[in-house]
Amino acid sequence: MNNKIITETQDLTYLKWSHIRSSSGTAGTFLKSESSINGKKIYYKLSNFDPVNGVIGHECVNEIIVDRLLTLLGVEHLAYELIHADIEIEGRIYNTYLCASEDFKKRGESKIALDDYYRTNAIKGETHYDFCVRCG
């Protein structure tokens, strides 16, 4: 995945969407899914979803903006693709944009949300920025 935007509509109606992935990933606010393509695990994330109105947010576009900004700044980060797709949720088809990333964890590794890691490991009074600098 190389910071691409795929504008041709993809058929991703086979994906199953949930707030919690079946992997060791963290739970979240946005619906997520995963698949395996050519032996690589791919994670998908929707923007804010409302069962009445469909996808109503723009958060997946925010992920692409941050991805590009971090690339420009030379900061190592998870790369995202923006994908235009048809998806199915609870028997209804939606045409939307979503973001996708490859699995960044190596076998046996786990992950934790940064805010949880900060709460657990920060020195009293340490700012989030100083904590991240200290931890590398």
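Predicted model: local features only at pLDDT ≥ 70, side-chain atom pairs only at ≥ 80, totals over all residues.

Author: Residues are numbered from 1 along each chain as its sequence is written, and side-chain values use heavy atoms, without hydrogens and water.

Reader: In what order do the elements of the chain run?

Author: Helices (H or I, at least four residues) and strands (E, at least two) are DSSP runs, numbered from the N terminus. Here the order is β-β-β-β-β-α-β-β-α-α. That gives three helices and seven strands.

Reader: Which strand does β3 join through six bridges?

Author: Two strands pair if DSSP finds at least two bridges between them. β3 joins β2 (residues 32–37), and the two run antiparallel. Glu-34 stands opposite Tyr-43 in β3. Two residues separate β2 and β3 in a hairpin, and Asn-38 in the turn has a positive phi of about 50°. β3 also pairs with β7, antiparallel, over five bridges. There, Leu-98 in β7 is the bridge partner of Leu-46.

Reader: Is β3 mostly covered or mostly open?

Author: Buried means under 20% relative accessible area, exposed over 50%, partly exposed in between (1.4 Å probe, protein chains only). β3 is mostly covered, with five of its seven residues buried. For the chain of 136 residues, the buried share is 29%.

Reader: Which residues have the most contacts inside the largest nonpolar core?

Author: A nonpolar core is a set of buried Ala, Val, Leu, Ile, Met, Phe, Trp, Tyr and Cys residues joined through side-chain atoms within 4.5 Å. The largest has 15 residues, and Leu-12, Trp-17, Tyr-44, Ile-87, Ile-89 and Leu-98 have the most contacts inside it. β3 (40–46), β6 (81–89) and β7 (92–102) each give two or more residues to this core. β6 supplies the largest share, four residues. A second, separate core of five residues includes Cys-60, Ile-64, Leu-82 and Cys-99.

Reader: Which residues form a nonpolar patch on the surface?

Author: Patches take residues with over 30% relative accessible area and no salt bridge; like charges are joined within 9 Å, nonpolar side chains (Val, Leu, Ile, Met, Phe, Trp, Tyr) within 5 Å. A salt bridge is a side-chain nitrogen of Lys or Arg within 4 Å of a carboxyl oxygen of Asp or Glu. Accessible areas come from the Shrake-Rupley method with a 1.4 Å probe; for residues, only the protein chains shown count as cover. Leu-69, Leu-73 and Val-75 form the patch, with about 280 Å² of accessible area together.

Reader: Why does Leu-73 count as exposed?

Author: Leu-73 counts as exposed because its relative accessibility is 59%. Leu-73 lies in helix α1 (residues 59–73).
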